[in-house]
Amino acid sequence: MTTARSLPADLVETEAPAVPEFCVISGAQVQQALNGREAQIVKLVETIYRVHGDGDSVNPPSYFLRFPDRPSSRIIALPASIGGQVRVDGLKWISSFPGNVAAGVPRASAVLILNDHDTGYPFACLESSIVSASRTAASAALAADWLSRDRPRPKRVGFLGVGLIARYIHTFLRGTGWSFDDIGVHDLSADSAAGFRGYLEQSDGGNITVYDSAEELIRSSDLVVIATIAAEPHVTDPTWFDHHPVVLHVSLRDLAPEILLTATNIVDDVEHCQKANTSTHLAELSSGGREFLDGTLDDVMAGRVSVPADRTVVFSPFGLGVLDLAVGKFVYDEIARSGELNVIDGFFHERQRHGASAPTSGLSCAK
Ligand SMILES: NC(=O)c1ccc[n+]([C@@H]2O[C@H](COP(=O)([O-])OP(=O)(O)OC[C@H]3O[C@@H](n4cnc5c(N)ncnc54)[C@H](O)[C@@H]3O)[C@@H](O)[C@H]2O)c1
């Protein structure tokens, strides 16, 4: 594994851990590093879920910055630290401004800061909407695989809400070996549905149907991907799920409690999911407990929880900062290997505690 690149030895104080250089990684570089790597990223996400399940990570609650004058918008901070072989700390800072879409600008934008495990120094700032979409899609593809192992492999997929995240999830499903006979699409916006249909026509040979209602879409799909921006449940009738599909509830707030209470419920992290008015949070409030939660994806992968074929299974991933860190570090390592890191010379400038004339003392003195 590549570690953070270091400043030339003559610029580093003796006895000190090396101060890393700081680099900036553009969206174009991120995309190039991840392009065609879907299977590798899904494997990485699987590893990180296992590391997190083993307790070798720190992933505090996400912090939601909201604005009284812009109630539909938010910026979320996800600090995290991963142990295992990755060993990196950092912060994802991601905005969601749904009003952007009408102006032709993507809803979400993000940066990811990677901090060096040994010194704490930030050593990279990455454009991170692509990292975020990729880790979300990788986690969805991983869940689709594990949650359908004890039932016939779904051949009819339905996408409810078809923006950027739906496109990434489709790409990651295809990139990890899934193929579909039928692909259903439903979106409140005819433009979104048409745009996604156009993307599918270029990238998939399946039979594509745009449905007028969420009910028709769900009833026609064995694998349902929900990636809307709904703030509260709008899918409320449990009979739509009588055929027991696998549901990837990525947008977290679409399903009414009565649907979750009759399903097998798998999450990425229980404490993370049970807040911020997610559907699983609402189901806890309405049922008075968490008994309806069957476990985490790590529990399923480790064989501690089984997923019956004769029930609907819903995967609700809150989205863990550790995944962003791992994918961001993967991108950093790829670019470092290719020698194309954009280093900001002199980014860390004030590096001697008592000024340039004082005897040097390493960073380690501060410990
Ligand atoms: N769980 C995670 O880890 C995670 C990570 C990233 C994004 N997300 C979530 O994924 C969702 C999708 O993100 P995106 O970037 O693709 O957004 P986007 O704005 O690009 O697309 C969302 C689409 O949903 C449609 N939509 C909204 N309400 C709908 C409804 N009731 N029925 C059908 N369609 C509806 C919109 O018209 C739009 O086309 C967001 O809610 C985001 O918060 C979750």
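Are W178 and F180 buried or exposed? Both W178 and F180 are buried. Please keep in mind that what you see is a predicted model.

So much for where they sit; now the rings themselves. Searching the whole structure gives ten aromatic pairs. One of them is the pair of W178 and F180, which is stacked, with 5.9 Å centre to centre and 20 degrees between the planes. Another pair is F196 with Y199, where the ring centres are 5.6 Å apart.

F22, Y121, F347 and F348 together form one aromatic cluster.

Next, charges over rings. W178 comes back here: R153 lies over the face of W178, 3.6 Å from the ring centre. In a second case, R70 has its charged end over the ring of F67, at 4.0 Å from the centre of that ring.

Now the serine. Where is S96 placed? S96 is in strand 5, which runs over residues 88–96. Its relative accessibility is 6%, and the cut-off for buried is under 20%, so S96 counts as buried. Which residue does the side chain of S96 meet in a polar contact? That residue is R107, through its own side chain, at 2.8 Å. If neighbours within four places in sequence are set aside, S96 is in contact with S72, S73, R74 and R107.

Last, confidence. The protein chain has a mean pLDDT of 92, and 93% of its residues reach 70 or more. Two stretches need a separate word. Residues 1–14 have pLDDT under 50 throughout, although the model gives them 35 contacts beyond four places in sequence. For residues 361–367 the pLDDT is also below 50, and this stretch has twelve contacts in the model beyond near neighbours in sequence. How should such contacts be taken? Where pLDDT is low, predicted coordinates should not be read in detail.

That is the end of my part.

Key:
Residues numbered from 1 in each chain as written. Predicted model: local features only at pLDDT ≥ 70, side-chain atom pairs only at ≥ 80, totals over all residues. Heavy atoms only, no water. Phe/Tyr/Trp six-rings, centres within 6.5 Å; stacked < 30°, edge-to-face > 60°. Buried < 20%, exposed > 50% of the residue type's maximum accessible area, 1.4 Å probe, protein only. Lys NZ or Arg CZ within 6 Å of the ring centre and 35° of its normal. Helix = DSSP H or I, 4+ residues; strand = E, 2+ residues; numbered from the N terminus. Polar contact = N/O pair within 3.5 Å; in protein donor to acceptor, adjacent residues only side chain to side chain. Contact = heavy atoms within 4.5 Å. pLDDT = per-residue confidence, 0-100.
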